[in-house]
Amino acid sequence: MANVESFDLDHTKVHAPYVRLAGVKRTPRGDAISKYDLRLLQPNQGAIEPAALHTLEHLLAGYLRDHLDSVVDVSPMGCRTGIYLAVIGEPNEQEVLQAFGASLRDTAAHDRPIPGVSELECGNYRDHDLAAARQHAREALDQGLKVQETVLLQR
Ligand SMILES: [Zn+2]
């Protein structure tokens, strides 16, 4: 089976909440696509409830695009401790940190309907929790976001 970069990260050596450059891939034409690990909760010490994570996905999908150019994808992690962000190009981690912080502030303040929540627009439109999503965003901001280096597992 192919190697997966995130399985090489020592999840016991990171300190959430953080922004981490998870990897950079080159297209055949030489363009860079960068993937970032945007971690809200400390791994293995809790998990965001599925409904709250789903709402975070909907809100951050829009807000990260407001604050960062060339977003390809925003996806929740299966472990429910954060989200992945893929962008065209190689923005530095400080730029992504600023964008993530601004997006979390927008999320914490979001008091309108959640975008994309209808049977037509979403695959599980009943499964949302705006109050909990706002609370997770606020807690991450209160703890202070930082840039996290990748600490590789020693195998
Ligand atoms: Zn949805």
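Okay, let's start with a pair of histidines: His 54 and His 58 are about one helical turn apart, because they sit 4 residues apart in helix α1, residues 50-67. Helices here are DSSP runs of H or I with at least four residues, strands are runs of E with at least two, and both are numbered from the N terminus.

Before I go on, the ground rules. This is a predicted model, so local features need pLDDT of at least 70 and side-chain atom pairs count only at pLDDT 80 or more, while totals for chains, interfaces and linings use all residues. Residues are numbered from 1 along each chain as its sequence is written, and side-chain values use heavy atoms, with hydrogens and water left out.

Back to the histidines. What do they hold? His 54 and His 58, each through NE2, coordinate the zinc ion together with the SG of Cys 122, at 2.1 to 2.3 Å. A donor here is an N, O or S atom within 2.8 Å of the metal (3.2 Å for Na, K and Ca), and water is not among the atoms, so sites may look incomplete. Along the sequence, the donor residues are spaced H-x3-H-x63-C. The cysteine comes from the loop between α2 (93-108) and α3 (130-143).

Buried means under 20% relative accessible area, exposed means over 50%, and partly exposed is in between, using a 1.4 Å probe and protein chains only.

What surrounds them? Skipping residues up to four places away in sequence, His 58 touches Ile 114, Pro 115, Gly 116, Val 117, Cys 122 and His 128. With the neighbours within four places in sequence left aside, Cys 122 is in contact with His 54, His 58, Gly 116 and His 128. Contact means heavy atoms within 4.5 Å.

There's a record to go with this. The unreviewed UniProt entry has a "binding site" annotation that covers His 54, His 58 and Cys 122. Those residues are spread over 69 residues of sequence, yet they cluster in space, with a largest C-alpha distance of 10.2 Å. UniProt positions are in the numbering used here, feature names are shortened, and annotations may be inferred rather than shown by experiment.

Next, the pocket. Rolling a probe the size of a water molecule over the atoms shows where empty space is left. The largest pocket holds about 230 Å³ of space. Which strands supply the lining of the largest pocket? β1 (18-26), β2 (32-39) and β4 (82-88) each give at least two residues, and the largest share, 4 residues, comes from β1. Among the lining residues are Glu 5, Lys 25, Lys 35 and Tyr 84. By type, the lining divides into 6 nonpolar, 3 polar and 3 charged residues.

Most residues other than glycine have a negative phi, and most peptide bonds are trans. Ala 16 and Pro 17 are joined by a cis peptide bond, with omega about 0 degrees, and Pro 17 lies in the segment before β1. Asn 44 has a positive phi near 65 degrees. You'll find Asn 44 in the loop between β2 and α1, where it counts as exposed at 73% relative accessibility. Arg 80 also has a positive phi, near 65 degrees. Arg 80 is in the loop between β3 (71-76) and β4, and it counts as partly exposed at 31% relative accessibility.

Last, two buried residues. Leu 9, in the segment before β1, is buried with a relative accessible area of 2%. Leaving aside neighbours within four places in sequence, the contacts of Leu 9 include Val 14, Tyr 18, Asp 37 and Leu 153. And Ser 103? That one is in helix α2 and counts as buried at 0% relative accessibility. Which residues does Ser 103 touch, not counting residues up to four places away in sequence? Leu 60, Tyr 63, Leu 64 and His 67.

Key. On a 1 Å grid over the protein atoms alone, a cavity is a set of points where a 1.4 Å probe fits but cannot get out, and a pocket is an open set with protein on both sides within 12 Å along at least five of seven lines; lining residues have an atom within 4 Å of a point. Grid points are joined across faces, edges and corners, and a volume is the space filled by probe spheres set on the points. Ala, Val, Leu, Ile, Met, Phe, Trp, Tyr, Cys and Pro count as nonpolar, Asp, Glu, Lys and Arg as charged, and the others, Gly among them, as polar.
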